[in-house]
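Here's a quick briefing to read with the model open beside you. Have a look at the fold first, then work through the notes below.

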Amino acid sequence: MPNLLAFIPAAFLIAMVPGPATVMLIKQAARGSKRNAFATIAGIEAGVAFWGLAAVFGLTALLAASQTAYDVLRFAGALFLIYLGVKALFFRGTGEEKEIRPGTGFRSGLVTNVGNPKAGVFALSFLPQFVPAHAGTGALLVCVVAWIAVDIVWYSTLALLVTRLGQWLRRESVKKWLERTSGGLLIGFGVTVALES
């Protein structure tokens, strides 16, 4: 069995460090739709499951070993983050909020996480530290499930807090500031991912 007493607090600390997924969730939750916020969380966690299972079955080792595969995924992820950032940066409010489709949040959350190769390399280096050397894939799978559970608790708390502030966040001036700030952060994350060797 993995050392869950050590793993769970470590996973919480990692979840609380802001990254592209956190920015994406705040951006989606600020629109005021809990449904869309939780769809975004589902997308983020589908990405975590992808990288977690890839780590369990050794696929991220291939990514870590192949510079070409890593670079292709890195540039694709960076371009997507920059695209989302530019879209948010040049946001033009209409005064009326369009109906938000939960699929939009799910897709954004999923692609943000799957398109981040650092998440894969992180899964490969982070998960095994909490599993005894003699343990099989079952112990790693337990860690992946615990990682997803911790993420869901943290992101759900954050989403509920942001949607609670929804009416204030949807004021036109605040909405423009939030969109432009999140846009700048997403572009910054995209550039960082693209330039990292």
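## Starting from Ser156

Ser156 has its place in helix α8 (helices here are DSSP runs of H or I with at least four residues, strands are runs of E with at least two, and both are numbered from the N terminus). This is a predicted model, where local features need pLDDT of at least 70, side-chain atom pairs count only at pLDDT 80 or more, and totals for chains, interfaces and linings use all residues. Residues are numbered from 1 along each chain as its sequence is written, and side-chain values use heavy atoms, with hydrogens and water left out.

**Ser156 and Ile41**

- Ser156 comes out buried, at 14% relative accessible area (buried is under 20%, exposed is over 50% and partly exposed is in between, with a 1.4 Å probe and protein chains only).
- Which residues does Ser156 contact, leaving aside neighbours within four places in sequence? They are Phe38, Ile41 and Asp151, where contact means heavy atoms within 4.5 Å.
- Ile41 sits in helix α3 and is buried too, with a relative accessibility of 4%.
- Skipping residues up to four places away in sequence, Ile41 touches Leu25, Ile152, Tyr155, Ser156 and Ala159.
- Ile41 and Gln28 are 13 residues apart along the chain, and their C-alpha atoms are separated by 9.8 Å.

**The overall fold**

- The protein has 10 helices and 0 strands, so reading from the N terminus gives α-α-α-α-α-α-α-α-α-α.
- Of its 197 residues, 44% are buried.
- Take the contacts between residues at least 6 apart in sequence: 87% of them join residues at least 24 apart.

- Helix α3 (residues 34-56) and helix α8 (residues 137-164) pack at about 160°, and their axes are 9 Å apart. That angle makes α3 roughly antiparallel to α8.
- On the terms: axes are lines fitted to C-alpha atoms, for helices over the stretch in contact, and angles run from 0 to 180 degrees between N-to-C directions. Under 35 degrees counts as roughly parallel, over 145 as roughly antiparallel, 65 to 115 as roughly perpendicular, and the rest as oblique.
- The crossing of α3 past α8 is right-handed, meaning that the near helix is turned clockwise from the far one by less than a right angle, with anticlockwise being left-handed.
- Sorted by class, the α3 contact with α8 has 17 nonpolar, 4 polar and 3 charged residues (Ala, Val, Leu, Ile, Met, Phe, Trp, Tyr, Cys and Pro count as nonpolar, Asp, Glu, Lys and Arg as charged, and the others, Gly among them, as polar).
- Helix α2 (residues 20-29) crosses α8 at roughly 35°, and the two axes come within 9 Å. This crossing of α2 and α8 is right-handed as well.
- On the α2 side the contact uses Ala21, Thr22, Leu25, Ile26 and Ala29, and on the α8 side Tyr155, Leu158, Ala159, Val162 and Thr163.
- The residues in that α2 contact with α8 split into 8 nonpolar, 2 polar and no charged.

**Nonpolar cores**

- The largest nonpolar core has 22 residues, and those with the most contacts inside it are Phe7, Ala123, Phe126, Leu127, Phe130, Cys143 and Trp147. A core here is a set of buried Ala, Val, Leu, Ile, Met, Phe, Trp, Tyr and Cys residues joined through side-chain atoms within 4.5 Å.
- At least two residues of this core come from each of α1 (4-16), α3, α7 (117-126) and α8.
- The biggest giver to this core is α8, with 8 residues.
- Apart from that core lies another one of 12 residues, including Ala30, Ile41, Leu158 and Leu178.
- Leaving out neighbours within four places in sequence, Trp147 contacts Phe7, Val48, Gly52, Phe122, Ala123 and Leu127.

**Partly exposed spots**

- Phe122, in helix α7, counts as partly exposed at 26% relative accessibility.
- Beyond four places in sequence, Phe122 touches Ile14, Leu127 and Trp147.
- From Phe122 to Trp51 is 71 residues in sequence and 8.9 Å in space, C-alpha to C-alpha.
- Ala42, in helix α3, is partly exposed with a relative accessible area of 36%.
- Ala42 and Gly109 are 67 residues apart along the chain, with their C-alpha atoms separated by 7.4 Å.
- Gly188 lies in helix α10 (residues 172-195) and is partly exposed, at 32% relative accessibility.
- Gly188 and Ala78 are 110 residues apart in sequence and 9.5 Å apart in space, C-alpha to C-alpha.
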